[in-house]
Amino acid sequence: MRIASVVDLGVLIRQARLARGWSQQQAGDAAGVSRRLVNLIEGGQHPNAETWRVLALVTAVGVRLEGVIDPEVAESTSARPTTAGPADELDLDEYLSRFRMDGPG
């Protein structure tokens with residue numbers, strides 16, 4: 001499924017949650033977020049949700065996100081590679097664990 005909007009992401013999360021047979025509360029508990037936030041994200045009604053919360057929910061319901069760079073963007077002169085820092089070397093679970101303990105600051 002191509003994700004082009006917050007609504008698309010919400011639909012994908014809902015489908016994955018239902019495939020697990022989970023309620024919104026169960027998905028929220030697994031992700032460490034509230035049931036209300038799960039509801040808002042699934043409905044595409046929370047476009048400003050903190051990224052770590054959305055990624056925690058995506059991971060909890062079993063969705064695997066893969067990054068694909070649009071060939072037109074990759075070929076443009078404005079697309080510059082960046083160097084990876086220490087945070088870029090963490091896997092998602094480790095990052096989320098550290099973020100939850102330390103907070104976003």
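**View 1. Overall composition of the predicted model.** Buried residues make up 27% of the 105 residues in the protein, and the coordinates shown here belong to a predicted model. The protein has six helices and zero strands, so that, under the assignment of helices and strands as DSSP runs, the elements read α-α-α-α-α-α from the N terminus on. Among the contacts in the protein with a separation of 6 or more, 58% are accounted for by residues 24 or more positions apart. The accessible surface of the protein comes to about 7,400 Å², and 50% of this surface belongs to carbon and sulfur atoms.

**View 2. The largest nonpolar core.** This core has 18 residues, and those with the most contacts inside it are Ile13, Ile41, Leu57 and Val61. At least two residues of the core are supplied by each of H1, helix H2 (24-31), helix H3 (35-42) and helix H4 (51-61). The largest share, six residues, comes from H4.

**View 3. Surroundings of Leu57.** Leu57 is one of the residues with the most contacts inside the largest nonpolar core. When its neighbours within four places in sequence are left aside, Leu57 is in contact with Ile13, Ala27, Ala31, Val38 and Ile41. Two of these partners, Ile13 and Ile41, are themselves named among the residues with the most contacts inside that core.

**View 4. Arg17, a buried arginine in helix H1.** Arg17 is found in helix H1 and counts as buried because its relative accessibility is 6%, where the limit for a buried residue is under 20%. The side chain of Arg17 reaches the backbone oxygen of Trp22 at 2.8 Å. Not counting residues up to four places away in sequence, Arg17 touches Trp22, Ser23, Gln24, Ala27, Glu42 and Val61. Of these, Val61 is also listed among the residues with the most contacts inside the largest nonpolar core, while Ala27 is also a contact of Leu57.

**View 5. A nonpolar surface patch that includes Met1.** Met1, Ile3, Val6, Val7 and Val11 make a nonpolar surface patch of about 400 Å². Met1 is found in the segment before helix H1 (6-20). Met1 is exposed because its relative accessible area is 60%, where exposed means over 50%.

Terms used:
Residues numbered from 1 in each chain as written. Predicted model: local features only at pLDDT ≥ 70, side-chain atom pairs only at ≥ 80, totals over all residues. Heavy atoms only, no water. Patch = residues over 30% accessible without salt bridge, like charges linked within 9 Å, V, L, I, M, F, W, Y side chains within 5 Å. Areas by Shrake-Rupley, 256 points an atom, 1.4 Å probe, with all protein chains shown as cover. Salt bridge = Lys/Arg side-chain N within 4 Å of Asp/Glu carboxyl O. Helix = DSSP H or I, 4+ residues; strand = E, 2+ residues; numbered from the N terminus. Buried < 20%, exposed > 50% of the residue type's maximum accessible area, 1.4 Å probe, protein only. Polar contact = N/O pair within 3.5 Å; in protein donor to acceptor, adjacent residues only side chain to side chain. Contact = heavy atoms within 4.5 Å. Core = buried A, V, L, I, M, F, W, Y, C linked by side-chain atoms within 4.5 Å.
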